[in-house]
Amino acid sequence: MIGALSLTRFRELLQRRLGWTFADNDPGQTAAVLAARAKAHGLTDREYLDRLAGRRWTAEVAELAQALSITETYFFRHDDQFRVLRDTVLPELLRKRAGQRVLRLFSVGCSSGEEAYSLAITAWPARPTPDWIISVVGVDANREMLHRARAATYSAWSLRDTPEEVRRRWFRETGDEFQVHPDIVATVRFAEHNVAGDDPQLWHPARYEVIFCRNLLMYLTGEVADALVRRMTRALTDGGYLFLGHTDSLGSHPKGLELCHDGGTVYYRRQTAAPPVPAPEPEPAPAREPPPDPPAPAAGTRSRAIGLLRDDRFAEALDLLGPDDMLLRGVLLAQLGRVAEARATAHRLIDVAGPHADAHHLLGVCHELDCADRASGQYRLAAYLDPEFAMPRLRMGLLARRHGDHRGAAAHLASALELLPHEDEERVVLFGGGFGRLTLTTLCRTELEACEVRG
């Protein structure tokens, strides 16, 4: 039998390792888990607790998360929030991101994946054109739930609130179960993550347009919950949206967020950073001698602009640049949706420097908005000019796949997959659409597997 002191110590360790809090009126499950895990390792409860406290025991923490998680969920749970997402949030975000054609959504505490797939099913058909990238990440500490999520197969009970037309369009019935459509599965990535800790890759500043974190905060200690809210706020783009559970509240004036209402639905919007107020111009000094030549641009100006591009702060980066850095300037103009200016800048760069792989790739990006054939032609020229350039091969593969040419897509994607590990880091930043090398490689591999399935 588990004593009160052991139970108290176990709860304290769970708070430290997982950030969870526990109700005093339900000690039974917690004690049963402690007894079962100690027995599984052939230890007394005290020996088990000493080991859990003494060093990093990642596999065991994952087992505890699995044993103690509350995993009840289903597709389109609290459908009023998905209605707001579909009718209000996505139309606004799609207008804002027209230059990038990328939307990133995050499901925190995704359990067995229904919420993450519901986000993808809502966002995927809202794309204005097929070349938009929809990326959904789902994280959870429960490995068993993540295994189920990746299987993407669910019972009818999980679809109990799913509209019939959505069920017919995005699920395939296989006996007594339902398989999520492959296009939706390819859009969603799952990762094991304990919200009591940080992960710079997951929580990169200004990474996500939408974050769902529902009915999780109430299970966390105050300190861990506060840290998670700060992390989510920082990870939203300017004007991005946070949806919490109906039992969660951040008050009427949460730091960095605006409270939004739609009928009975409450959600939050990341406050847009105010543009800097220009300093007043100084009074002109009496003319005594000709002014000195203006100083040369600081050596770090371009690297600062690249850093701002990496953080999706395109307008600020553009303001740093002079007219000579035409490639970076053209990329930033394209990201801001100023496609005609970006195209003109790329042509000027070619006029000055001659055939230029990066400039032709930029032209391909610009032409994807109006003519896929022209875009493919520019990508082919970029790949011809630089056989080691992975990005045009990736874009050609994606374009071919969207037009049903699975064999051609597979050839381009296989080449891109081989070249991506060696791709120049700056090119990844310039042309990766906000994704890093690892994510682009995963996207490439997923699309290639889909081509092989359909070929």
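1. Basis. The model is predicted, so local features need pLDDT of at least 70 and side-chain atom pairs count only at pLDDT 80 or more, while totals for chains, interfaces and linings use all residues. Residues are numbered from 1 along each chain as its sequence is written, and side-chain values use heavy atoms, with hydrogens and water left out.

2. Nonpolar cores. A core here is a set of buried Ala, Val, Leu, Ile, Met, Phe, Trp, Tyr and Cys residues joined through side-chain atoms within 4.5 Å; buried means under 20% relative accessible area, exposed over 50%, and partly exposed in between (1.4 Å probe, protein chains only). The largest core has 49 residues, of which L309, L328, L332, L430 and F431 touch the most other members. Helix α13 (residues 326–335) gives the largest share of this core, seven residues; helices (H or I, at least four residues) and strands (E, at least two) are DSSP runs, numbered from the N terminus. Another core, of 41 residues, lies apart from it and includes L119, I121, L159 and F190.

3. Helix α10. Residues 222–235 form this helix of 14 residues, which reaches 20 Å from its first C-alpha to its last, close to the 20 Å expected at 1.5 Å a residue (1.5 Å times one less than the number of residues). Its buried residues are V224, A225, L228, V229, R231, M232, T233 and A235. Their cover includes β1 (102–108), β7 (208–213), β8 (236–244), β9 (257–262) and β10 (265–270), with contact meaning heavy atoms within 4.5 Å.

4. Salt bridges. The structure holds 25 of them, each a side-chain nitrogen of Lys or Arg within 4 Å of a carboxyl oxygen of Asp or Glu. E115 pairs with R214, the closest N and O atoms being 2.8 Å apart. This pair joins helix α6 (residues 114–123) to the loop between β7 and α10, 99 residues apart, and both E115 and R214 are buried. E192 and R143 form a salt bridge at 2.7 Å; E192 is partly exposed at 39%, as is R143 at 37%.

5. Surface patch. L381, Y384 and L385 form a nonpolar patch with about 310 Å² of accessible area together. Patch members have over 30% relative accessible area and no salt bridge; like charges are joined within 9 Å, nonpolar side chains (Val, Leu, Ile, Met, Phe, Trp, Tyr) within 5 Å. Areas come from the Shrake-Rupley method with a 1.4 Å probe, and for residues only the protein chains shown count as cover. L385 belongs to helix α16 (residues 372–385) and is partly exposed at 32%.
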